[in-house]
Amino acid sequence: MNNQNHFDSEEFREALQQYEKARRMGQEIYLDSDVLTSIADYYDRNNRTDEAIETIDYAIRLFPDSVLPLAFRARMALMLEDSIDGAKHFLSLITDKDSLEYCYTSAEVKIAEGNQEAANRYLKSHMNNVEDDELDSYCMEVAILFADYEAFELAKEWIDRCEDTEDPDYWETMGRIEMGLGHLEESEQIFTDLIDKDPFSSNNWNHLAATQLLRNKLTESISSSEYSIAINPNDPEAVLNKGNALFALGNHEEALKYFRRFTTLSPNEANGEMLEGVVLADMQKYDESLAHLYKAALLCHGNNQFRLQVYLQIAAVLSKQDRLDEALSYIDRCGEMKQSDPLELALTRGHLYLEHKEIDKATKIFHDTLAESKNDPEIYLKIGVSFLDNGFPDSAYGILNHIAKVLVEPQVPVYPYLAVCCKNLGYQREYEEAVKKAIHYTPLDAKIVLGPYFPEEMEPEDYYKYLINHKNNT
């Protein structure tokens, strides 16, 4: 609703100071409804949730018919209180049903209910009520809305309707959409260009760091996060990005420091507690890990999509503690959520059995899952990787070798994992051939899976040449 430039304006800072002085003295202050909404937005963005709610409720008391505070409060009900009913209540108080804010927020409620297509139809129908000179702005707001909810294909449809590519939000949103669609090179280039124009935008540094993280350019991602932290040391997103990159590099102690710092900055975010739990599990500190994961589950509130991830992590840690029955009970809990994927849960259940050497149970689950998926190559791959991860490289080799022979142009990253199998089994010639095909078909996955076997800064396209030239050392 309001960008950082607005918060940095002298007018806003003066209004904020007046408002906070009045609050400290226990006095009421009369400010315009838009200004009070901006102050609430400022508090919200700085993780001062209680103050944000108090401020917007105060704005509604002063201006009960004003659209902006009611729409903002409806969004807070969605995002902070996980209450669709609460959001609908505040929307019902808006009398101007033709206002754009009412339109955007009504669509957001539909998206939160899982009705993205209904929201899209509603927003398209409202286009007829938008003045020509406001149409670009409308399409941009809708694109941002869908991008915020990770509906990137719909977001792309809306941003492609925009004619004004000079809009400050246009390229940032396009970069986010390209990232969400998996077009990582394009996304990285967009944010690099934006930073060239404005090197002091922490948002753009954060987006660049996230894109580089997805491309497994970990040192570059850390560098981008450090630029953002230099601009704003208390930027939670920058701190989180750096922690994720450090974790991906295997620097657990440093990653843990940054995840703890993120948790301090965003104490109501389940993400920080979960990531602390994940790192501690990798460090084999299972009791500490579970303490953070259980806390993360409590912080999920109504966000079952994230709760699903937390429960899966809890199951994994319980399994490591030889508490298989408890681990499986968490998989059962996941199955009760409509957000869960039955095939993925079946694979996870099979993986847990395999981890405990209950091979017959695991094999039956994997067989049934393959049949249910109609022999989906991705399911085959995940089963092969499960055998590999659990110390059965010969079984994994058989599965992955079968996929490699069936797929003519593999889009699933079979060859990186097949290469690991061949290396473990001592099949040198096949190992070399698998590495060659891995860097040809799926270079990003090759870097992630095979990176530990090659010099850290080496790009995947050089793996095969290096392998051939250093046979005696691999």
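Where is Gln284 found? I looked it up and found Gln284 in the loop between helix H17 (270-282) and helix H18 (286-299). For helices I took DSSP runs of H or I of at least four residues, numbered from the N terminus.

Before going on, I noted that this is a predicted model, in which local features need pLDDT of at least 70 and side-chain atom pairs count only at pLDDT 80 or more, while totals for chains, interfaces and linings use all residues. Residues are numbered from 1 along each chain as its sequence is written, and side-chain values use heavy atoms, with hydrogens and water left out.

**Entry: positive phi**

I checked the backbone of Gln284, which has a positive phi of about 65° although it is not a glycine. Gln284 is exposed, with a relative accessible area of 61%. My cut-offs were under 20% relative accessible area for buried, over 50% for exposed and partly exposed in between, with a 1.4 Å probe and protein chains only.

I then turned to Asn216, which is not a glycine and has a positive phi of about 65°. Asn216 lies in the loop between H13 and H14. At 15% relative accessibility, I listed Asn216 as buried.

**Entry: aromatic rings**

I searched the whole structure and noted 15 aromatic pairs. Rings of Phe, Tyr and Trp (its six-membered ring) pair if their centres lie within 6.5 Å; planes under 30 degrees apart count as stacked, over 60 as edge-to-face and the rest as tilted.

I looked up the pair of Trp205 and Tyr227, which is stacked, at 4.5 Å centre to centre with 15° between the planes. Trp205 lies in helix H13 (residues 202-214) and Tyr227 in helix H14 (residues 218-231), so this pair ties together parts that are 22 residues apart in sequence. Trp205 counts as buried at 11% relative accessibility, whereas Tyr227 is partly exposed with a relative accessible area of 47%.

I also noted one aromatic cluster formed by Phe12, Tyr42 and Tyr43.

**Entry: charges over rings**

For a charge over a ring I required NZ of Lys or CZ of Arg within 6 Å of the ring centre and within 35 degrees of the ring normal. The charged end of Lys110 sits over the ring of Tyr122, 5.4 Å from its centre. The charged end of Arg333 sits over the ring of Tyr330, 4.3 Å from its centre.

**Entry: H9 and H10**

I looked up how helix H9 (residues 135-148) packs with helix H10 (residues 152-159): the angle is about 170° and the axes are 8 Å apart. Axes are lines fitted to C-alpha atoms, for helices over the stretch in contact, and angles run from 0 to 180 degrees between N-to-C directions. H9 and H10 are therefore roughly antiparallel to each other, a term for angles over 145 degrees.

Which residues of H10 are met by H9? I listed Phe152, Leu154, Ala155, Trp158 and Ile159 in H10, met by Tyr138, Cys139, Met140, Val142, Ala143, Phe146 and Ala147 in H9. Contact means heavy atoms within 4.5 Å. The residues of this contact divide into twelve nonpolar, no polar and no charged.

I placed Leu135 in helix H9. Leu135 counts as partly exposed at 28% relative accessibility. Leaving out residues up to four places away in sequence, Leu135 touches Met127 and Val130.

I placed Gln428 in helix H26 (residues 428-441). Gln428 counts as partly exposed at 31% relative accessibility.

Technical notes. Helices (H or I, at least four residues) and strands (E, at least two) are DSSP runs, numbered from the N terminus. Angles under 35 degrees count as roughly parallel, over 145 as roughly antiparallel, 65 to 115 as roughly perpendicular and the rest as oblique. Ala, Val, Leu, Ile, Met, Phe, Trp, Tyr, Cys and Pro count as nonpolar, Asp, Glu, Lys and Arg as charged, and the others, Gly among them, as polar.
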